[in-house]
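Here is a short report on a protein structure. Keep the 3D view open as you read.

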Amino acid sequence: MSVLIEIKDLKVHYPIRSGFWNRVTDHVYAADGVSFEIEAGKTYGLVGESGSGKSTIGKAIVGLEKVTSGQILYKGQDVSKASVRRHMKYNKDVQMIFQDSLSSLNPKKTIYEIIAEPIRNFENLDKSAEKQRIIELLEIVGLSSNAMYQYPHQFSGGQRQRIGIARAISTNPKLIIADEPVSALDLSIQAQVLNFMKKIQRELGISFLFISHDLGVVRHMTENIAIMHLGRFVELGTREDIYNNPQHIYTKRLLSAIPQIDIANRDANKAQRAAIEAQYQAERQNFYDADGLAYPMHKITASHWVSTPPTEKGATK
Amino acid sequence: MAEKPEVNEAMAGVPKTPQEINEQDVVVSAPSTLKTVIREFKQDKVATVALILLIVLFVVVAVWSFFIPNSKVTDVNIMDQYLQMGTSGHILGTDEQGRDLLLMLIASAKNSLFIALMITIIGQVFGIIFGMITGYFGGIVDTIIMRIIDFWTVLPFMMIIIVLVSIVSKYNIWTLIGIIGLFSWQGTTRLIRSKVLSESDRDYVRASKTSGSSNVMIMFREVLPNLSSIIIVDSTLTFAGNIGIETTLSFLGFGLPNGTPSLGTMISAATDPTVLVSKAYVWVPAAVFIIVITVGISFVGQVLRRAFDARQRLG
């Protein structure tokens, strides 16, 4: 498979200003030296706790966040600069689905105008072709063509998120960044929207970068998973690598936190979670450097990368 | 806007078992803006009366003023000086120059309202443009524009207008509008800026960016429609204030040039003590007109403000 986007040592730092002169006194390291590749047609999951920088990475890739340093390479060009993005119509190929479906749709615009916006900007279609395309898109996301003339507030959360998806796929993108697309929806609608995204992904061959803190959702949706902690990757691998053979202590802790409905073994599960938590507290200093940040990752199998201390290179088992 | 969604009445009446209801059938709609405004007016009787009165006055002034020949408000006729109300066909009497006060009132009101309207438009247009730019881009642009506005607002604008009016040589209604307009956009800029700051942090703005829209397009095509409510309210209320500014200047003698009737110059007849005391009919109608218009506009503005802010609503 060909590499679609390559992210090299991506850093996004926010300045903290304080003091009388409002000078920059420190930085928030939202993303701190992240590197990975996105291959065409594959799904990637980006998992981590709140504030670990996963949304920042997504926004940086789509061009909504200023990159402090590092490169995002697409078709051999560094798209971390706005001028390059505009020149090569980058956002025609890379689109985003937002978490809050209501605020991501302009309340004063009809669905037609909302979906038509990227089409008008990136493709030169005449009026009737444009309308045809919008009806087609609404059909793909399972909405009737009447929806065109309605306003966002007239739809339910699930329908709105599907309108967001229709907008994202309207220019036939190669990659869609989905920033917690279902976390604002209730469970029954979550399943509906997720299956829907999976179907679209299969049919249109789009790569997905799926940002979520919900490990169940990520397992359902993605083939490759990256675990983030405090702005750095701690583990990167296929779904099987991460779920069946977690190497980093944070990954283990995160996986043990998935709630299980297993009343018969409730005490056993509870004990196991306690054991992992105890292990995390005990071994913490082995996995994080003096500043409490994760070490750079090392390859342990062809697909599996783990952040380990330099001295134990590839030796953790 | 945080309007309470209501299940469409037609649907609410029909009992349905859960199986029968499918997605297309359930129409959840928020009441339209117009409906909300009408409901708010129904809740406020005073404002409703004020609105009707305003509409009547504006229509009468706008239509009638076209039929008043200029000579009626400029020609001096000493013979008819200070006629009482209702004498020889002058319903409101005549002033010092013997001009019919009713016709004067209509012509003055037309000039004053026109000036106030133009100033409001200037203030809103520049206020919206600067407020948009400063709120949307933020950072250094915001700092520069806001500091200029801070400086501008501490200037004693009445004094400056009077000075400018005195030094401008070729002086007419448009120069007056321009000079007052210089001081009419700062408040609107602040207001628009604050709203744009909160709007431009919403996801639909980000979605527009990833959809390839330029900043100008996002500002004026995406964000601006969402500001329509506060723009309507702000222009209504500043309109009332602008009538006051123009009439004050005319009253002081720095407003409209001689020969152009204004409500302010009509009231300034009261600076003559005998007129003030014994010939109140000369200046009272103009004063009452100004009070009715400005108070009426304020009432209507309050209702609009409540209609667009769900927390303040009465109904």
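## Nonpolar cores

The largest nonpolar core holds 94 residues, and A:Ile61, A:Leu209 and A:Ile227 touch the most other members. Keep in mind that the model is predicted.

Take A:Leu209 as an example. Setting aside neighbours within four places in sequence, A:Leu209 is in contact with A:Ile38, A:Tyr44, A:Leu46, A:Gly58, A:Ile61, A:Leu175, A:Ile177 and A:Ala178. A second core is separate and has 47 residues. Among them are B:Val73, B:Phe239, B:Leu249 and B:Trp283. As a general rule, nonpolar side chains tend to be buried together in soluble globular proteins.

## Two domains in chain A

Chain A splits into domain 1 (3–230) and domain 2 (231–317). Their C-alpha centres lie 28 Å apart. Where they meet, 21 residues of domain 1 are in contact with 19 residues of domain 2.

Which elements of domain 1 give two or more residues to the side that touches domain 2? They are strand 2 (23–39), helix 8 (215–221) and strand 9 (224–229) of chain A. Strand 2 of chain A gives the most, with seven residues. By class, this side of domain 1 has eleven nonpolar, seven polar and three charged residues.

## An open sheet

Chain A has an open sheet of eight strands. Their order is 6-7-8-3-9-10-12-11, and the pairing is mixed. Strand 6 (94–97) and strand 11 (297–299) of chain A stand at the edges. Each has a single partner strand, so one side of each is left without a neighbour in the sheet. From one strand to the next, the twist averages 20 degrees.

Now look at one pair. Strand 9 and strand 10 (residues 232–238) of chain A run antiparallel and are joined by six bridges. A:Asn224 has A:Thr238, in strand 10 of chain A, as its bridge partner. Helix 10 (residues 249–256) of chain A lies across strand 9 and strand 10 of chain A. This helix runs at about 105 degrees to strand 9 of chain A.

## Where the chains meet

How many residues of chain B are in contact with chain A? There are 18, and they meet 22 residues of chain A. On the chain B side, strand 2 (28–29) and helix 10 (203–210) of chain B are the elements that give two or more residues. Helix 10 of chain B gives the most, with seven residues. The residues on this side of chain B divide into five nonpolar, eight polar and five charged.

Notes
Residues are numbered from 1 along each chain as its sequence is written. Chains are lettered from A and ligands numbered from 1 in the order in which they are written. This is a predicted model: local features need pLDDT of at least 70, side-chain atom pairs count only at pLDDT 80 or more; totals for chains, interfaces and linings use all residues. Two residues are in contact if their C-beta atoms, placed from the backbone, lie within 7 Å. Helices (H or I, at least four residues) and strands (E, at least two) are DSSP runs, numbered from the N terminus. Ala, Val, Leu, Ile, Met, Phe, Trp, Tyr, Cys and Pro count as nonpolar, Asp, Glu, Lys and Arg as charged, and the others, Gly among them, as polar. A nonpolar core is a set of buried Ala, Val, Leu, Ile, Met, Phe, Trp, Tyr and Cys residues joined through C-beta atoms within 7 Å. A residue is buried if 20 or more other C-beta atoms lie within 10 Å of its own, exposed if 12 or fewer, and partly exposed in between; C-beta atoms are placed from the backbone. Domain bounds come from an automatic or database domain assignment. Two strands pair if DSSP finds at least two bridges between them. Axes are lines fitted to C-alpha atoms, for helices over the stretch in contact, and angles run from 0 to 180 degrees between N-to-C directions.
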